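Please keep the sequence and the model in view while reading.

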Amino acid sequence: MIFVRREYLKSICCSRISIYQIFYANPCHNYYPYSKIFSNCTPSALDFPCYLHQIDNRWNPKQLSTLRTQIELNSYRYTQLSFYYFYSSGAFRSFKKRVRKRLKTIAKPCLNEAQFHQAISGLLPRFSAGELCDVLNLQVDPVVCLAIFNWASQQPRFRHDVLTYHITIKKVGAARLYDEMDVVVEQLLSEPNIGSEALYNTIIYFLTEARKLTRAAIIFKHMRSCSTLDCRPSLRTYNILFAAFLSRRSDSYINHMYMATIRSLFKQMVNDGIEPDIFSLNSMIEGYVLSLHVNDALRIFHQMGVVYNCLPNSRSYDYLIHGLCAQGRTDNARKLCNEMKRQGFVLSSKSYNSLVNALALGGEVDEAVSYLWEMTEKQRSADFITYQTVLDHMSKQGRKQDVMSLLKELREKDRLDGHTYQRLLLVLK
């Protein structure tokens, strides 16, 4: 429960600061079960904690829901506000999601009636699908394009073809009008014998951009069930799906869950006789590394050039070196690094940082310093954590003098800027 005084709300409304900022500045897990009254009208009052208060029984849930919407739109000023709210952070996220949805609904673009009527006036009474394609291509506004498409669907003796669907879905999807795009896709799926591999790939791409992975899987299954070969999934279809499932790189648990789907897709692609390219194989390696299955990634790596007709590139090595270093397998990482150099590739900054950190954490400080100088010579930038890890473990070995000399040498050779140098000195002290 949140209680806000009239003077404070007046300040918020006048300065066009929404009540949303109060929620965002104070996460629910910091709330306490007592109230705080805001009488200070200065902007610094937003920095004060916002506490929960007891429920005001004069408001029913329906009135409170309406009140929250009105406050977010800054339409009215109230003398006293009481928000029915839960203590859990899940309810807080739900509230933010509802507010975003309402604002998104209000902010939807409107149809330009003049532009719409001007566009359809150029069409003949019995226009063909090709003539409609020309008109759709000329439209910059996706809402007008969608309106023309819907208007043409209602005309007698007219039927859309692949091109009209493709142009409309591409324009609406690029504008992120995903709900409107879903309606067009449903209309397409209800039409028999209309579709192409490029059209379905476009639909899957925009559905994955909207994170509607289940919907994208339905389109993929529809492609596989098509009787015409032109609509069957291609290598590009699988690569779009691989990229979508690997887009959540920060959470190893999610990557572990998605990896089963990626493995199934890859097996299905090979069974259908589609030869994987370097992007597909690198996606498998990256997926296995992100889901902490490094041995499976090594298996795919050693099959490249033997089972599959493409050789590893620099990305293949980078993914593996990073994964091996994350598990502390520095010997295998160094072997791959040497093999990579023989192939003429240069490690990325991420691989170098991973290798230097892993060596330092494993006690091989001199080897870590050697790779640190090597990466600076290859114009690869080391981050602050890498410098700190090397210097810290060197200091733990009792080599204080070596730490200061290395730090001084890095500064003299302009490997460190002044700010990073001062930060490292403070950390070492």
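In helix 22 (residues 418–428), the buried residues are Thr-420, Tyr-421, Leu-424 and Leu-425. Viewed down the axis of helix 22, these buried residues fall within an arc of 140°, so they line one face of the helix; the arc is that of the directions from the helix axis to the C-beta atoms. An α-helix has 3.6 residues a turn, so residues three or four places apart point the same way. The face turned away from the buried side of helix 22 carries the exposed residues His-419 and Leu-426. Here buried means under 20% relative accessible area, exposed over 50%, and partly exposed in between, with a 1.4 Å probe and protein chains only. Helices (H or I, at least four residues) and strands (E, at least two) are DSSP runs, numbered from the N terminus. The cover over the buried residues of helix 22 includes helix 20 (384–396) and helix 21 (400–412), where contact means heavy atoms within 4.5 Å.

The model is a predicted one, in which local features need pLDDT of at least 70 and side-chain atom pairs count only at pLDDT 80 or more, whereas totals for chains, interfaces and linings use all residues. Residues are numbered from 1 along each chain as its sequence is written, and side-chain values use heavy atoms, with hydrogens and water left out.

The chain as a whole contains 22 helices and two strands. Of its 429 residues, 44% are buried. Among contacts in the chain with a separation of 6 or more, 63% are between residues 24 or more positions apart. The accessible surface of the chain comes to about 23,600 Å², and 52% of it belongs to carbon and sulfur atoms; such areas come from the Shrake-Rupley method with a 1.4 Å probe, and for residues only the protein chains shown count as cover.

Two charged side chains are placed over aromatic rings. Arg-423 lies over the face of Phe-384, at 3.8 Å from the ring centre. The charged end of Lys-413 sits over the ring of Trp-373, 4.8 Å from its centre. A charge is taken to sit over a ring if NZ of Lys or CZ of Arg is within 6 Å of the ring centre and within 35 degrees of the ring normal.

Asn-357 belongs to helix 18 and is buried, with a relative accessible area of 15%. Which residues does Asn-357 touch, not counting those up to four places away in sequence? They are Ile-385, Thr-386 and Thr-389. Asn-357 and Tyr-387 are 30 residues apart in sequence, and their C-alpha atoms are 8.7 Å apart in space. The side chain of Asn-357 also reaches the backbone oxygen of Asn-353 at 2.7 Å.

Thr-330, in helix 17 (residues 330–342), is buried as well, with a relative accessible area of 8%. Leaving aside neighbours within four places in sequence, Thr-330 is in contact with Ala-358, Leu-359 and Glu-364. Gly-362 lies in the loop between helix 18 (349–361) and helix 19 (365–377), and at 57% relative accessibility Gly-362 counts as exposed. The C-alpha atoms of Gly-362 and Arg-329 are separated by 9.5 Å, although these residues are 33 residues apart along the chain.

The aromatic rings come next. A pair of aromatic rings is described by the distance of the centres and the angle of the planes. Rings of Phe, Tyr and Trp (its six-membered ring) pair if their centres lie within 6.5 Å; planes under 30 degrees apart count as stacked, over 60 as edge-to-face and the rest as tilted. By this rule there are nine aromatic pairs. In one of them, the rings of Phe-127 and Phe-158 have their centres 4.8 Å apart and their planes at 45°, so the pair is tilted. Phe-127 lies in the loop between helix 5 (113–121) and helix 6 (129–138), and Phe-158 in the loop between helix 7 (142–153) and helix 8 (162–174), so the pair ties together parts that are 31 residues apart in sequence. Phe-127 and Phe-158 are both buried. Another aromatic pair, Phe-220 and Tyr-238, is edge-to-face, with 5.4 Å centre to centre and 75° between the planes.

Key:
A polar contact is a pair of N or O atoms within 3.5 Å; within protein, one must be able to donate a hydrogen and the other to accept it, and residues adjacent in sequence count only if both atoms are side-chain atoms.
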